[in-house]
Amino acid sequence: MKLHTADYRCAEVVARFFAKHIQASHDGISNLEFLCPDGAKAACRRQQVIIAAEESKLVGALRFYRRKTSNSASLYQFALNERFRGNGVIAKMLRKIDVEYIEASCSTMSTFNVYYEKTGWQCVQESRGMYIWKYQL
């Protein structure tokens, strides 16, 4: 599996991948703006997407925003083809960002919090119905 930073050439493919693998009805979606294909395309152009490819086929994508005030990043969205889940692929993709830590927010009512807990994230704050999760690299 090859991991690398996406650029403008990957924008359409990444947007379609997110559209296919992220469901608006999932309780882990805290803001519908994360589903906007234009946001995913812009993130590719800014080189803020890590992609995973197997035999030249996109199997995973992770969108982030590098913070200017600390050596950290915010995780905006990610998706992984079902066949590749449970193998630590997302953790490998996160390490490609090359920051000290990554934070993500998730509704306190979301079933997705179980994922964060199982994969080594630490809940560092609860505020306004959201958990803030931190992944130390």
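Mentor: Let's go through the labels one by one.
This is a predicted model, where local features need pLDDT of at least 70, side-chain atom pairs count only at pLDDT 80 or more, and totals for chains, interfaces and linings use all residues. Residues are numbered from 1 along each chain as its sequence is written, and side-chain values use heavy atoms, with hydrogens and water left out.

Trainee: How do you know that Cys44 is in no disulfide?

Mentor: A disulfide is a pair of cysteine sulfur atoms within 2.5 Å. The structure holds zero of them. For Cys44, the nearest cysteine sulfur belongs to Cys10, 6.2 Å away, so by the 2.5 Å cut-off there is no disulfide.

Trainee: And what about Cys123, what keeps that one out of a disulfide?

Mentor: Its nearest cysteine sulfur, that of Cys106, sits 9.6 Å away.

Trainee: Why is Cys44 called buried, and why is Cys123 called partly exposed?

Mentor: Buried means under 20% relative accessible area, exposed over 50%, and partly exposed in between (1.4 Å probe, protein chains only). Cys44 has 0%, so buried it is. Cys123 has 39%, so it counts as partly exposed.

Trainee: What makes Glu55 exposed?

Mentor: Its relative accessibility is 74%, so Glu55 counts as exposed. Glu55 also has a positive phi of about 50°, although it is not a glycine.
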